Amino acid sequence: MSLKVMTFNVLQGGEERFDDIATFLSRASPDVLVLQECLGWEDGGRLRRVAEALDVPQDDAHVVLGQSRSRPSGRSYHVAVVSRPPLRSLRIHNDRHFLGHCIVECELEANGPVTLFGTHFDAHHERLRYVEARYLRSLIDPAKFRDGQYLLAGDLNSLSRRDPYPVDLEDRLRRAGTDKYGHPPRFDVIDDVEDFGWVDTLPTRAGSTKWVTARRNRGGVTIDYRTDYVFASPRMVERLLSSEVIDVGDTSDHNPLVATFR
């Protein structure tokens, strides 16, 4: 039986697009779903609707809202996990000294125990995201990681050297006035994640040629990015069947990424 894992940034809680989001999720039917920017979801209403769309029980064993700290604006960009397999050993990490939002850590049963980290890294600077990546490292025993089944899914707001960025990316970023990746653009976060042993599922077994999860146009300059990832530990990646980006048009400003495991 396969395990379909999806990460999806719904943009500002989904706003007036939420019905379209629910319809898409019902059609895509992931087994494990990590959602970012669950703004205003504290009352549980939208999370229950997501569970309903996936035909997943609406209880604490299957639905979790990771509470993120408030930003200076007063908004909290929560991270949610909805899972068909029951969740256990749940921990929410939201230490404001290390994390811009939060990390949801949980375990589920899928052909053996699988430890999942669902997250949303800081949107402002690679230096801050690097701190988050190092904090993530501190949560994992390297020996257990090497021999165990682990997944990391989320919007990491970071660039990978493996993606086909144009040779003039640095110039495009400057013309667009985009500073969050640095000048020249930095790849520190994904380098560090992969250095720990995480394997990026998309270039490992791409289901299509699509790779862009976020297209941005600033100052008349259009740049394609991938900032959304599903990573797997070496043992877990042995089960990887495919990984792909799904184009959702105007449903969000991010395309979800889904990885399927046997």
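A residue is called exposed when its relative accessible area is over 50% and buried when that area is under 20%. In this predicted model, Ser89 has a relative accessibility of 53% and therefore counts as exposed. Ser89 belongs to strand S5, and its phi is positive, about 50°, although Ser89 is not a glycine. Asn111 is likewise not a glycine and has a positive phi of about 55°. Asn111 sits in the loop between S6 and S7 and is exposed, with a relative accessible area of 54%. Most residues other than glycine have a negative phi, and most peptide bonds are trans. A cis peptide bond is found between His183 and Pro184, with omega at about 0°. Pro184 is part of the loop between helix H5 (169–176) and H6.

Strand S5 is part of an open sheet of six strands, ordered S5-S6-S7-S8-S12-S9, with mixed pairing. Strands S5 (87–93) and S9 (199–200) are at the edges and have a single partner strand each, so one side of each lacks a neighbour in the sheet. Within the sheet, S6 (residues 103–109) and S7 (residues 113–120) are antiparallel and are paired over seven bridges. Leu108 is placed opposite Val114 in S7.

A further antiparallel pair consists of S10 (residues 214–218) and S11, joined by five bridges. Two residues separate the strands of this hairpin, in which Gly219 has a positive phi near 60°. Arg215 is opposite Asp224 in S11. In a regular strand the side chains alternate between the two faces of the sheet. In S11 (residues 221–225), Val221, Ile223 and Tyr225 make up the covered face, while Thr222 and Asp224 make up the uncovered one.

In H2 (residues 45–54), the buried residues are Leu47, Val50, Ala51, Ala53 and Leu54. These residues lie on the same side of H2, because the arc they cover around the axis is only 160°. They pack against helix H1 (18–28) and against strands S2 (32–36), S3 (63–66) and S4 (79–83).

In H6 (residues 188–196), Val189, Ile190, Asp192, Val193 and Phe196 are buried. Here too the arc around the axis is only 160°, so these residues are on the same side of H6. Their cover includes helices H3 (126–138) and H4 (142–147), together with strands S8 (149–155) and S12 (228–232). Gly197 follows H6 and has a positive phi, near 125°.

In soluble globular proteins, nonpolar side chains tend to be buried together. The largest nonpolar core contains 40 residues, and Leu116, Leu151, Tyr225 and Phe261 have the most contacts inside it.

The largest pocket holds about 510 Å³ of space. Its lining consists of 23 residues, and those nearest the centre are Glu37, Ala123, Asn157, Lys180 and Arg216. Strand S10 supplies the largest share of this lining, three residues.

Methods: Residues numbered from 1 in each chain as written. Predicted model: local features only at pLDDT ≥ 70, side-chain atom pairs only at ≥ 80, totals over all residues. Heavy atoms only, no water. Core = buried A, V, L, I, M, F, W, Y, C linked by side-chain atoms within 4.5 Å. Buried < 20%, exposed > 50% of the residue type's maximum accessible area, 1.4 Å probe, protein only. Helix = DSSP H or I, 4+ residues; strand = E, 2+ residues; numbered from the N terminus. Arc of directions from axis to C-beta. Contact = heavy atoms within 4.5 Å. Pairing = 2+ DSSP bridges. 1 Å grid on protein atoms, 1.4 Å probe; cavity = no way out; pocket = protein on both sides within 12 Å on 5 of 7 lines; lining within 4 Å. Points joined across faces, edges and corners; volume = space filled by probe spheres on them.
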